[in-house]
Amino acid sequence: MATILEEERQTAQGAPVRMEIRDGLAVVTLNDPARPVNVISEGMLREMGEILERLENGEGGVRAAVIVSAKKGTWIAGADIEEFKNFAAPADAEAASRAGQEMLDRLEQLRIPVVAAIDGAALGGGLETALACTYRIATDSPKTKLGLPEVQLGIIPGAGGTARLPRLIGLRAALDLMLTGKQLDARRAMKAGIVDEVVPQTVLLEVASRQAMALAAKKLQPRAARRSGSPERLENLLPMRKLIFSKARQGVMEKTHGLYPAPLRLLKVIEAGLDKDVRAAQEMEARAFGELAVTPEARSLVHVFFTSTEAKNDVGLGDDVKPKSVDQIAVVGAGFMGAGIAAASAENGIRVRLKDVKPEAAAKGLRTARESLIKRAKRKKMRRFEVTKLVDRVQPTTEYSGFHASDVVVEAVFEDLSLKHRVIKEIEEHAGEGVVLGSNTSTIPITKLAEASARPDHVIGLHFFSPVEKMPLVEIITHEGTADWVTATAHAYAKKIGKTPIVVHDSPGFYVNRILSPYMAEAALLLQEGVRMEELDRAMTEWGFPVGPVTLYDEVGLDVAQKAGKIMAEAFADRMGNPPTVIDKMVADGRLGRKNSKGFYTFGEDGKKQGPDEAVYALIGNPPKKETPRAELQERLGLIMVNEAVRTLEEGVLRSARDGDVGAVFGIGFPPFRGGPFWYVDVTGAQTVLDRLRALEQRFGARYRPAKLLEEMARDGRKFFPDAA
Ligand code: 3HC
């Protein structure tokens, strides 16, 4: 049957939607030739409208239909996010939402059963299309994922999803999916009650066709109809429902501090719509979609989507630069980072040699990697043989055996230059000529590391963030001599393991730590000035960071922060001034943060962070005394980071403002609804940012000196991104 799908894939070339009717069965194939993925664009809506009309008219004696995609890896990726940029007013977005709703209402109301045959992503409007079908079959391909990620774009589902999903799978489960935007593979989607069947890719069309005809002959009932009413009847009781919504609202406020309007509006729309019919519920949905789509938050989040996708897809080198394929790697240093890199690689089909000098260390690293893989495998509901195959991809070693076959070697040993030099030499003795030599250093210049190499053009930085399994960013650091194919291979490797890479030029702190450093130093200075620890943290979480700077000190480790701070203060001595003494005092007092349960905060026996440790104030020698307005704290901390980001672009450390926004959002958690430091400058206005920095420079000195590039942008009225509002 693979051949039929292949055949459909080929014959569908040229037409975005195509229908073939054979023996009473209509196979509707989606394949937008103008786009890399199928999206619900204006054009697609038009085409679908024509197909629906033919089905409504019973063309060719059609008794059932199947919707299939001819695009590998996606069924439907949702509404066309490109078109969001054209929404000038809420009414434009509301109209787009209504058009989607109407199309899906027509689909749902067809007299014949329609089977969604899902292979690849069915997200947003894609899943909403599937929800309007009678029956859903999904493949067990790793590319198949179902979800409603709209809140991540600052909007809510706008094609009937807020009305249909709770009615299909119950309120609590639907809220969980819509509030988090999480994506389910086929098995989890089946467990959740979204999908009726899971099948291998090769038989999708065959099974879907058979089931469509069985539905038409009333020999099969869709799962939803087999249940009586809402799947969770208890949830329909009013007090229970109220409780669910109040808990959900509380959860959203805790997570977002009310900075993101979409999840709160989503709750309102669903709550108000539950007692109404689907049509009335959709009215509210369209209105909310319209209003949300033009908010600054949504525009910033759409910017984050496009910039991160572009960074992933564009290495920024000519088409003639070809990456090497990466199927096997080796990792030297089986510590927490090394094990994390090994696990992330194995999870994405790469064989890994994990090396450490001592057998115990290699075994411990292996255990850490395997535990992480098993946890993920469980979440994906993998079968036992699949799990075995997965964990076996990581093999430990204390020697350099197997290195000759590696496409990439990542060194993740202790941050010590002479040790790293020795390791590089050893790797080169054992690895093949064409190996890419990546270093996971966070502080040592790649240029210096390359000095020990016999093939310096193969040396590159591969800066992962901790914990590797969760952090999406990889900084790829090139030095003057790095060969282009090496950069392309490092980029392809990072992408293959599901990370978002940005390519930056070698410079102290690279990009992410470079912009984090003045921010952290400023936080320490504010503590010295007498601002309370928790006040500083609150100021920045309310600005939108996931954690505040004082908590971040504890998480990163004060010794690590001390070392990084010194390097940066030396590198930029002309304007950074002396590093704040607070951190030295903390380290001297044996306070390393979370790792020894002693930092700015106290930690319980279970390792959980508790309240601020009041003893710290005596240590600083300056009891809390200052009531600095929160807005001032936010301005001092936010702008020092933004200004440093602009400097990195000015100096050529960054290749583009795009990479700067991606790095800040994905590496540090710069508030996504602010779009990243460069988008922030555009939205706030370069002149306004410049004026504020100048005022801060007057009060606090050279560390707030505005970047030259910022002055130029303000003078010329330029923007980093022309489409920034
Ligand atoms: N609209 C417009 N362009 C889209 C798109 C969309 N919904 N989804 C993907 N694309 C584009 C990407 O920008 C990229 O373009 P490029 O090649 O020019 O850089 C191209 O398609 C390929 O995308 P990826 O590189 O991300 O391909 P992957 O195979 O890695 O991932 C995907 C595919 C899982 C579909 C991923 O692209 C994705 O998550 N897309 C967004 C899904 C989403 O958020 N959908 C909800 C949209 S909002 C909505 O539906 C509202 C509705 O409720 C009314």
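## The chain as a whole

How many helices and strands does the secondary structure of the chain come to? The tally is 32 helices and 19 strands. Keep in mind that this is a predicted model.

Now for the overall dimensions. The C-alpha trace of the chain spans about 80 × 60 × 55 Å along its principal axes. For 725 residues, a compact globule would have a radius of gyration near 27 Å, and the chain agrees because its own value is 27 Å.

## Around the ligand

Next, take a look at the ligand and the residues that surround it. There are 28 residues around the ligand, and Ala79, Gly125, Glu128, Glu150 and Asn313 come nearest. Sorted by class, this shell holds 15 nonpolar, seven polar and six charged residues.

Some contacts pair up N or O atoms, and you can look for three of these in the structure:

- Ala77 has a polar backbone atom 2.9 Å from a nitrogen atom of the ligand.
- Ala79 places a backbone N or O atom 2.8 Å from an oxygen atom of the ligand.
- Lys312 uses its side chain instead: an N or O atom there is 3.2 Å from an oxygen atom of the ligand.

How much of the ligand does the protein bury? On its own, the ligand exposes 990 Å², and the protein buries 78% of that.

Which parts of the fold build the shell? Helix H3 (81–84), strand S6 (121–123), helix H5 (125–131) and helix H14 (296–313) each give two or more residues to the shell around the ligand. The top contributor is H14, with five residues.

## The second largest pocket

H14 turns up again when you move to the second largest pocket, where it gives the most to the lining, with seven residues. This pocket holds about 330 Å³ of space. Its lining is made of 18 residues, and the ones nearest the pocket's centre are Lys85, Val302, His303, Trp679 and Asp723. The elements that give two or more residues to this lining are H3 and H14.

## Cavities inside the protein

Start with the largest cavity, which has a volume of about 70 Å³. Which residues line the largest cavity? They are Leu30, Ile40, Met44, Met48, Ile67, Ile76, Met103 and Thr129. By class, that lining has seven nonpolar residues, one polar and no charged.

The second largest cavity comes in at about 50 Å³. Its lining consists of Thr162, Ala163, Pro166, Arg167, Val269, Ile270, Gly273, Leu274 and Ala281. Two helices, H6 (161–169) and H12 (261–273), each supply at least two residues of this lining. H6 has the largest share, with four residues. As for classes, the lining of the second largest cavity has six nonpolar, two polar and one charged.

Conventions: Residues numbered from 1 in each chain as written. Heavy atoms only, no water. Near = heavy atom within 4 Å. Polar contact = N/O pair within 3.5 Å; in protein donor to acceptor, adjacent residues only side chain to side chain. Areas by Shrake-Rupley, 256 points an atom, 1.4 Å probe, with all protein chains shown as cover. Nonpolar A, V, L, I, M, F, W, Y, C, P; charged D, E, K, R; others polar. 1 Å grid on protein atoms, 1.4 Å probe; cavity = no way out; pocket = protein on both sides within 12 Å on 5 of 7 lines; lining within 4 Å. Points joined across faces, edges and corners; volume = space filled by probe spheres on them. Rg over C-alpha atoms; globule rule 2.2 N^0.38 Å.
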